[in-house]
Amino acid sequence: MGEKELNLDELEDVKFQIEKGAFKPKTLTCSKCNKKMKEAEIEVDLDGGVNIRLAGFECSKCKKRYLGLEEARKMDKALIVSRIMRNEFKMERSLSFDGDNFTFRVPKEFTYDVKKRKVEVMPLGAKQFCATIE
Ligand SMILES: [Zn+2]
């Protein structure tokens, strides 16, 4: 109960579960075996040359692996970056320049559940950036 399965499409052999409400858990108990889980460093290779290390937990009996919410979020971000590296979901937009800033339009299909009209922009390189709509 209170667990949410993390969707990992392209990682068939890696299965995590997220402990809900536990942002940074110190200890975890396996819900299946009722055994205290060991802290484990989980290394995940994503396509596109992205490699991520996560601080998770592993059950010594059933080998089930858990992630705290903070680590699960890192995982989510790494998946996004790996998609960028593979150039998936590409689209072309024209840039306008208003004298100070460049602007481009984002189709509404690319956004989900947008409440505020605010965007967080993170530079990835001279001509690359990652935008997150709040
Ligand atoms: Zn177990």
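Biologist: Which residues does Val 121 touch, not counting residues up to four places away in sequence?
Modeller: Val 121 touches Phe 129 and Ala 131. Please keep in mind that this is a predicted model.

Biologist: Where is Val 121 found?
Modeller: Val 121 belongs to strand E8, which covers residues 119-125.

Biologist: Is Val 121 buried or exposed?
Modeller: Val 121 counts as exposed, because it has 8 C-beta neighbours inside 10 Å. The cut-off for an exposed residue is 12 or fewer.

Biologist: Which strand is joined to E8, and how do the two run?
Modeller: E8 is joined by 6 bridges to strand E9, residues 128-133, and the two run antiparallel. They form a hairpin, with 2 residues between them.

Biologist: Which residues stand opposite each other there?
Modeller: Among them, Glu 120 stands opposite Thr 132 in E9, and Met 122 has Cys 130 in E9 as its bridge partner.

Biologist: How far apart are Val 121 and Ile 133?
Modeller: In sequence, Val 121 and Ile 133 are 12 residues apart; in space they are 8.7 Å apart, from C-alpha to C-alpha.

Biologist: Let us change topic. Which residues make up the largest nonpolar core?
Modeller: That core has 10 residues: Leu 28, Cys 30, Met 37, Phe 57, Cys 59, Tyr 66, Leu 67, Ala 72, Met 75 and Leu 79. Strand E5 (65-67) and helix H1 (69-85) each supply at least two residues of this core. The largest share, 3 residues, comes from H1.

Biologist: What does Phe 57 touch, leaving out residues up to four places away in sequence?
Modeller: Phe 57 touches Leu 28, Met 37, Lys 38, Glu 39, Ala 40, Arg 65 and Tyr 66. Of these, Leu 28, Met 37 and Tyr 66 also belong to the core.

Biologist: How far does H1 reach?
Modeller: H1 has 17 residues and reaches 24 Å from its first C-alpha to its last, which is close to the 24 Å expected at 1.5 Å a residue.

Biologist: Which residues of H1 are buried, and where do they fall around the helix?
Modeller: The buried residues in H1 are Glu 71, Ala 72, Met 75, Leu 79 and Ser 82. Seen down the axis of H1, these buried residues fall within an arc of 100°, so they line one face of the helix.

Biologist: Where is confidence lowest, and where is it highest?
Modeller: Confidence is lowest in strand E1 (residues 3-5), at a mean of 46, and highest in strand E6 (residues 96-97), at 90. Over residues 1-13 the pLDDT is below 50. For the chain, the mean pLDDT is 76, and 74% of the residues reach 70 or more.

How values were computed
Residues are numbered from 1 along each chain as its sequence is written. This is a predicted model: local features need pLDDT of at least 70, side-chain atom pairs count only at pLDDT 80 or more; totals for chains, interfaces and linings use all residues. A nonpolar core is a set of buried Ala, Val, Leu, Ile, Met, Phe, Trp, Tyr and Cys residues joined through C-beta atoms within 7 Å. A residue is buried if 20 or more other C-beta atoms lie within 10 Å of its own, exposed if 12 or fewer, and partly exposed in between; C-beta atoms are placed from the backbone. Helices (H or I, at least four residues) and strands (E, at least two) are DSSP runs, numbered from the N terminus. Two residues are in contact if their C-beta atoms, placed from the backbone, lie within 7 Å. Two strands pair if DSSP finds at least two bridges between them. The expected span of a helix is 1.5 Å times one less than its number of residues. The arc is that of the directions from the helix axis to the C-beta atoms. pLDDT is the predictor's confidence in each residue, from 0 to 100.
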